[in-house]
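Open the model in your viewer and keep the selection tool at hand. Each stop below gives you something to select and then says what is there.

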Amino acid sequence: MAARNVAMREAIRRALREEMQRDEDVFVMGEEVAHWQGTHRVTRGFLEEFGERRVRDTPISEMAIGGAAVGAAMAGLRPVAEFMTINFAFLALDAIANHAAKVRYFFDGMFKVPLVYRAASGWGNQATASHSHAPEPIFAHFPGIYVGCPSNSLDAYGMLKTSIRDDNPVLFTESIALYPKPSPMPDDLDEDYLIPIGKGDIKREGADVTLVAYARGVDWALQAARLLARDGVEAEVVDLRWLRPLDMELVYKSFKKTNRCVIVEESLPMYSFGGEIAANLQERMFDYMDAPIKRVAAEDVPLPYSKDIELLALPDARKVVEAVKEIL
Amino acid sequence: MASPSKEMLLDWYRQMALIREFEETCHRLYEEKRITGVYLHLYSGHEASGVGSMAALRKSDHVITAYRDHGIALILGMDPKAVMAEMMGKKTGSSGGKGGSMHLASKDHNFWGGYAIVGGHLPLAAGIALEARYRGKDDVTMTYVGDGATNNGYFHESLNMSAIWDLPVVWIIENNGYGMGTEVERASGQIELHRKAEAYGIKSFGRVDAQNALEVYAVALKAVAYAREKGPAVIEHVTYRYRGHGVSDKQYDARDDMSAELKEWVEKREPIKILRDCIKSKYGDVGDILARHEADAERIVAESVAFAEASEMPSTYEDLMRNTYVASELVYKTERSVGAGID
Ligand SMILES: Cc1ncc(C[n+]2csc(CCOP(=O)(O)OP(=O)(O)O)c2C)c(N)n1
Ligand SMILES: [Mg+2]
């Protein structure tokens with residue numbers, strides 16, 4: 001089947017645009033999404049195509065963006081609310097954790113909240129401490145909301161579509177570093193290409209070690225796998241894609257084959273994705289475990305501005321390779 | 001009302017020339033990739049706003065602002081070398097290279113820093129002013145905030161708190177017409193931004209043409225006196241940013257209506273020219289003094305660039321980890337403790 005390389009930003013834009021064309025109740029709001037065509041250019045051209053009713057610039061009011069999305073969704077619309085970057089979603093954490101994730105539960109199923117929060121995530125380029133977060137696990141902490149974090153264009157396309165069509169609230173993060181990155185999308189892609197919420201994916205097969213990752217971590221894992229292959233080590237790369245729900249079945253299947261695991265993430269190490277996966281593994285796969293489970297994450301420090309020490313804090317393929325070598 | 005002396009006006013000129021030279025140099029260095037990163041928000045065009053208002057402060061007063069902080073730092077007298085080194089992420093930078101352009105600060109100057117989360121510094125300002133009230137001091141906290149930030153919850157909560165506790169804050173709203181690409185009219189229901197503060201019972205000193213340092217100063221004097229004696233005050237500075245939102249947002253400069261608008265501000269309301277004309281009309285020919293200040297600015301900034309470029313980058317694991325926590329004997333730590341930081 002013919003395929004073409006598409007930047008992740010374009011894949012997300014296409015999915016969002018098609019969903020807006022399909023369903024009149026889907027609308028976007030956020031800072032600079034309309035007149036300025038989106039800080040990350042995901043909503044480029046949307047104002048012209050869909051008009052101000054459906055493409056709404058907001059003030060710099062994250063609390064209200066987060067909460068108004070909940071109200072609009074409860075009332076029957078399907079908001080796609082954008083946080084310019086996920087760092088600013090912290091200001092809306094109450095609306096997300098206490099209302100988006102809970103109104104259905106505390107009214108015992110009376111309401112549904114079919115919203116999507118989109119947020120650009122990740123760090124690098126000397127963005128400095130307060131603008132250098134990849135805090136997906138924080139949001140995945142709360143039952144009542146799902147969290148999706150794609151690692152390539154096709155996944156982003158299918159995952160965003162599902163997130164919009166599903167009746168549950170979804171926080172959807174987009175790695176800033178992956179926005180410009182091209183990856184193949186089939187030419188005859190079906191507009192109903194949907195990736196089920198919570199379904200992971202094997203991005204590379206291998207029998208020697210399982211690398212578990214999501215979003216940008218998948219890039220590092222795949223690079224590491226290529227480096228390891230030169231030394232005859234075949235790594236299997238499991239892209240969980242969703243932090244909630246977690247496709248642990250896929251991890252177990254891989255682990256039963258490899259008996260070794262390194263978990264890779266862009267986020268901080270304490271109370272993390274890595275901790276969660278490792279805890280599940282040791283509980284369910286104890287008998288298959290041939291070595292300690294390793295984690296590769298950012299250093300446990302706020303991110304600095306200065307370039308060299310910023311790079312020092314960032315996980316990368318080399319650190320993944322080192323971790324694998326420690327448990328072979 | 002005390003009008004500024006000749007010496008003061010000449011000194012303002014010195015400050016404004018220095019800021020402009022510093023900012024335009026930063027802009028050039030960024031283009032040349034000698035300053036890197038994604039955020040660099042310049043104060044060009046805003047000079048009179050900071051210079052005129054901070055002239056109303058005394059040394060023990062406090063200052064805090066957002067990420068557009070280079071000009072504020074220089075006005076307070078921070079060493080341009082340390083500021084430029086911070087832009088380049090050097091060890092000799094004012095924040096050791098950890099903070100960069102958006103996080104300048106100087107304890108010695110009562111400069112509590114620049115902050116990158118919109119509105120995030122406003123409650124800090126209330127807290128800094130609370131310390132003064134709490135301890136019975138009458139030092140004022142001068143707080144700069146953008147027009148866009150007035151739509152954020154932080155702004156409203158902080159202003160209200162300052163009102164009920166009579167905190168000695170002067171809230172200066174630097175209304176440059178835009179928050180990134182959004183015009184004030186599209187972002188705020190109340191477009192006379194100082195009136196938002198009035199709604200909380202804060203004394204408003206109205207709108208000021210902040211391209212004119214003398215007007216800024218006259219109003220700031222009153223507001224500072226009020227805050228020192230009674231409680232919070234607000235001033236709205238009407239100003240303009242010459243270099244778009246920041247270097248990573250070039251698209252803002254590219255918009256036709258915006259470049260026409262910029263041209264008009266530069267031609268009609270250029271703050272350095274307004275001050276120069278005023279000095280000349282009052283004191284006749286002071287051209288060589290002004291020229292000397294301009295030459296000094298060039299020299300000082302060139303020296304700061306040379307200093308910064310010759311300085312070392314932080315590069316070790318210790319450099320990275322240092323100062324996450326205060327080293328404390330009250331913390332139980334062993335070799336195996338996780339997450340305690342390093343001393
Ligand atoms: C809470 C938060 N939301 C969004 C941003 C992104 N952002 C940075 S500056 C800015 C515009 C702020 O405009 P304004 O307050 O008018 O200040 P100016 O840049 O004009 O000085 C935005 C939206 C941020 N840093 N923090
Ligand atoms: Mg502004």
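How many helices and strands does chain B have? Select chain B and colour by secondary structure: there are 14 helices and eight strands. Keep in mind throughout that this is a predicted model.

**Stop 1: chain B as a whole**

Show the C-alpha trace of chain B. Along its principal axes the trace spans about 70 × 50 × 40 Å. The radius of gyration of chain B is 20 Å, which agrees with the value near 20 Å that a compact globule of 343 residues would have. Now colour by burial. Buried residues account for 52% of the 343 residues in chain B. Then draw the contacts. Among those in chain B with a separation of 6 or more, 74% join residues 24 or more positions apart.

**Stop 2: the sheet**

Select the strands E2, E1, E3, E4, E8 and E7 of chain B. In that order, these six strands form an open sheet, and the pairing is parallel. Which strands stand at the edges? Pick strand E2 (111-115) and strand E7 (203-209) of chain B: each has a single partner strand, so one side of each is left without a neighbour in the sheet. Look along the sheet to see the twist, which averages 15° from one strand to the next.

**Stop 3: E3 and E4**

Zoom in on residues 141-146 and 169-175 of chain B. These are strands E3 and E4, which pair in the parallel sense over six bridges. Thr141(B) stands opposite Val169(B) in E4(B). Further along, Val145(B) stands opposite Ile173(B) in E4(B).

Is E4(B) covered or open on its faces? Show its side chains. Both faces are covered. On one side Val169(B), Trp171(B), Ile173(B) and Asn175(B) are buried. On the other, so are Val170(B), Ile172(B) and Glu174(B). In total, seven of the seven residues of E4(B) are buried.

**Stop 4: the helix across the sheet**

**Stop 5: ligand 1**

Which residues come nearest? Of the 20 residues around the ligand, they are Val118(B), Gly146(B), Gly148(B), Ala149(B) and Gly179(B). Colour the shell by class: it has 10 nonpolar, six polar and four charged residues. Now colour by chain. Residues from chains A and B surround ligand 1, so the site is shared between chains.

**Stop 6: where the chains meet**

Select the interface. On it, 27 residues of chain A are in contact with 36 residues of chain B. Highlight helix H11 (residues 307-313) of chain A. This helix gives the most to the side of chain A that touches chain B, with five residues. By class, that side of chain A has 13 nonpolar, eight polar and six charged residues.

**Stop 7: one residue in chain A**

Finish on Phe88(A). Its place is in the loop between strand E4 (78-83) and helix H4 (93-100) of chain A. Is Phe88(A) buried or exposed? Phe88(A) counts as buried, because 24 C-beta neighbours lie inside 10 Å. Show its contacts. Leaving aside neighbours within four places in sequence, Phe88(A) is in contact with Glu62(A) and Phe83(A). Last, draw a distance from Phe88(A) to Glu32(A), C-alpha to C-alpha: they are 14 Å apart in space and 56 residues apart in sequence.

Note on methods
Residues are numbered from 1 along each chain as its sequence is written. Chains are lettered from A and ligands numbered from 1 in the order in which they are written. This is a predicted model: local features need pLDDT of at least 70, side-chain atom pairs count only at pLDDT 80 or more; totals for chains, interfaces and linings use all residues. Two residues are in contact if their C-beta atoms, placed from the backbone, lie within 7 Å. Helices (H or I, at least four residues) and strands (E, at least two) are DSSP runs, numbered from the N terminus. Ala, Val, Leu, Ile, Met, Phe, Trp, Tyr, Cys and Pro count as nonpolar, Asp, Glu, Lys and Arg as charged, and the others, Gly among them, as polar. A residue is near a molecule or strand if its C-beta atom, placed from the backbone, lies within 6 Å of it. A residue is buried if 20 or more other C-beta atoms lie within 10 Å of its own, exposed if 12 or fewer, and partly exposed in between; C-beta atoms are placed from the backbone. The radius of gyration is taken over C-alpha atoms; the globule rule is 2.2 Å times the number of residues to the power 0.38. Two strands pair if DSSP finds at least two bridges between them. Axes are lines fitted to C-alpha atoms, for helices over the stretch in contact, and angles run from 0 to 180 degrees between N-to-C directions.
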